[in-house]
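Good morning, and thank you for the time on the agenda.

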Amino acid sequence: MKKKVLSILSLSMVLWMNAQEKDSLNQKKIEEVVITGQYMQQSINKSIYKVEVIDAQQIKDMAATNAAEVLNQSLNIQITPDTNSGNSTANIMGLGGNYVKILIDNIPVVGDTGLGSNIDLTKLSLSNIERIEIVKGSMGVEYGNGALAGVINIITKKSSSKKLSIRATLQEETVRDGYNLRKKGQGRHIQNVNVGYNFNDNWFTNISFNHNQFMGYEGEKQGYKYFAQDNQRGYEWNPKDQYEANALIKYSKNKTSLFYKVSYLNETFNYYNPKVDRIPLNDGQGGVSYKSLDRNYNTQRWLHQFNIQTNLGHIRYNGDFSYQNQDRKFYDYNYDIPNRTKDSNYNEQSYYKTDVIYSRGMFSNFLDNKKFDFQLGYELDHTSGYAALIAGEFDGNNVKRKIFTYGTFISAEWNVSDKFSLRPGARLSVSDSFDNQFNYSLSARYKTSENSNLRGVFGTADRYPTYDELFTYFVNVNHDIQGNPDLKPENGYSAGLFWDQGFDMGDGWKFNYNLEALYVDLNDKIENVMVVKPSTYKYMNLDKYRSLLFGANANIVKDQFSLGVRTSLNGISVSKQEMDVTTPDDFQYNFQVGANVSYQLAGPETALNLFYKYTGPSRIYVIENEAFRLARTDGFHMMDFVVSQPFWKERLELSVGVKNIFDVTTINSTNSTASAHNAATDRLNLYYGRSYFARLMYQF
């Protein structure tokens, strides 16, 4: 532990002592704008919410290829991977993907269980990203169902300063110590192309293509060619292959702009069965064949969005209209392992299919008054969902569901003085499947000086139950696990206080820091609990969840050098109930610290970037065998180092580096409990270990 910390400090000091002169980094911060939770795009300093921004330059410096890799650098956001399905979802302040709203350009993204919730972040590529905005806390007034823990808004590029802009990237990565370009080889292979063109001052178009191929990681397994009958065949991290294409056309003139955007994703995920069957050939010579029943999962997703921003008189209108579709299919096939042949006699079936028609609109600037004005908004969500038996344990029938939700919200912005502003808000959500939900919020910003702000934010939100929670029905001689169609939506609130301040220290040094405190309270949390001994379980609105976060962050910039340090202390209280057992409700705390160091050499313009994050041990009460116990998950360190060198008048850039320097794979965890049909495990699979990469980027 001491050696790791000393290594980080030593590298930080070396980069500090060699800093040269250039102030582009500070200039970029002055112009930074946000849209999440705003009436319209505006300066981050004037935002009434505390918005964390990860811009395109930071994303490029990380050499990240999808949203999961970027967000893993943020404190109190833990990306939770599922090596069986290949999905990775965001956990904010201990609350999982169902409580985090994922948006692209302010529109919730379609997923397996609904709109914007529990989204696989590895399916969100970064080939055309301008920035990522993060707001922690309940945002039910602005974003409705599921925005209990926070909102992650991915903003794509919709303009270019050049007549023609071209960017092409090749990135090759090892997967731990494995790398091979050939078919069924090893490593990760990423290619993307992005082309933007300005027809004239009014019309802009952009197209992009991205391919991300992950060849899998065997770990303790023996790969797909292995045919011994010891359950060691296959991969710890299964292979998957993604193709994504995007196209956008935008028109803007005077106070009106509109754009249409379409995105298509195709993903194949390969599961190699560890069970191998020995099959006699009955050829009279004692011949045998070794076969496994393997499975392929295929996902197709279409996203269509039309946005219009215009003035109706002096009233400002911002409207979004979207159609989204995601279809996840699978097929099983027999694989002859020694002969490397695949039985082509298979039947592909859909097991998760979701169609969404969505619209969100906001009318603002009614009074055309800088002192006081208000905003009216609406949200329409028609989701038709389909889930088959493979997606969960249902009652023997495919589950089909249609939900129509209408929400209307209002908020007012009152600039009481040049320094103090208030924004109250309220939303009514009406659904044909659940009771009406009412959310409200109150935010305030006090400008304590020219370079400092104090923000206070209170908000509520709710979450509708998922397919599994409503319709699970898995009953046999040994199991009885049932959903609950009578579940009601979960509801909660958050309250936060945020302080930020900046200084000009002279001689080119600039320093800023911020302090934050955030409390999240969730009632009627849905859990699968024992209702009849020894093995009858049912989903019920029983549990309470509370999370308390304290954070302190600081950044210092001089010329081509920057250093950022982040710390947080997160306390979680979970009150679980089961039969006659109730866990204590005291807080268990987790400490995190992060740092990023950036330095650019003045002559060759070589850029050095170091990213570090420490997640401390965490504890939580769990129920097992009709008693509660305090479970523990070990802490771990993550560090990435990236070196980038431009060539040919900065049209070419070569980047090399190492990710996961401390070689984290699995960590000890006793959080898992044995359920009615699942065994407990004492290991948590987080990453596949240290990897090395090289990236070549061409820009015109």
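Predicted model: local features only at pLDDT ≥ 70, side-chain atom pairs only at ≥ 80, totals over all residues.

**Salt bridges, cores and strands**

E173 and K659 form a salt bridge, their closest N and O atoms being 2.9 Å apart; the term denotes a side-chain nitrogen of Lys or Arg within 4 Å of a carboxyl oxygen of Asp or Glu. E173 lies in strand β10 (residues 164-173) and K659 in strand β38 (residues 652-659), so this pair ties together parts that are 486 residues apart in sequence. Helices (H or I, at least four residues) and strands (E, at least two) are DSSP runs, numbered from the N terminus.

Residues are numbered from 1 along each chain as its sequence is written, and side-chain values use heavy atoms, with hydrogens and water left out.

A second salt bridge joins R188 and E69, at 2.6 Å from N to O. This pair also links distant parts of the chain, with R188 in strand β11 (residues 188-198) and E69 in helix α4 (residues 67-71), 119 residues apart. R188 counts as buried at 6% relative accessibility, whereas E69, at 23%, is partly exposed.

R632 is partly exposed, with a relative accessible area of 34%, and D634 is partly exposed at 22%.

I turn now to the nonpolar residues. Which members of the largest nonpolar core touch the most other members? Of its 59 residues, they are V70, L71, I102, L121, L124, I132 and I152. Such a core is a set of buried Ala, Val, Leu, Ile, Met, Phe, Trp, Tyr and Cys residues joined through side-chain atoms within 4.5 Å. Another core, of 12 residues, lies apart from it and includes F561, V593, Y599 and L610.

For I132, contacts (heavy atoms within 4.5 Å) beyond four places in sequence include V70, L71 and I152, as well as E52 and N153.

Finally, the strands. Strand β24 (residues 452-463) has 9 of its 12 residues buried, so it is largely enclosed by the rest of the structure. Strand β23 (residues 437-449) pairs with β24 in the antiparallel sense over 8 bridges; strands are said to pair if DSSP finds at least two bridges between them. β23 and β24 form a hairpin, with 2 residues between them, and K447 has N453 in β24 as its bridge partner. β24 also pairs with strand β27 (residues 490-506), again in the antiparallel sense, over 12 bridges. There, D462 stands opposite N491 in β27.

One further buried residue is Q375, in strand β20 (residues 372-387), at 4% relative accessibility. Among the residues Q375 touches beyond four places in sequence are Q38, Y39, F363 and F409.

How values were computed
Buried < 20%, exposed > 50% of the residue type's maximum accessible area, 1.4 Å probe, protein only.
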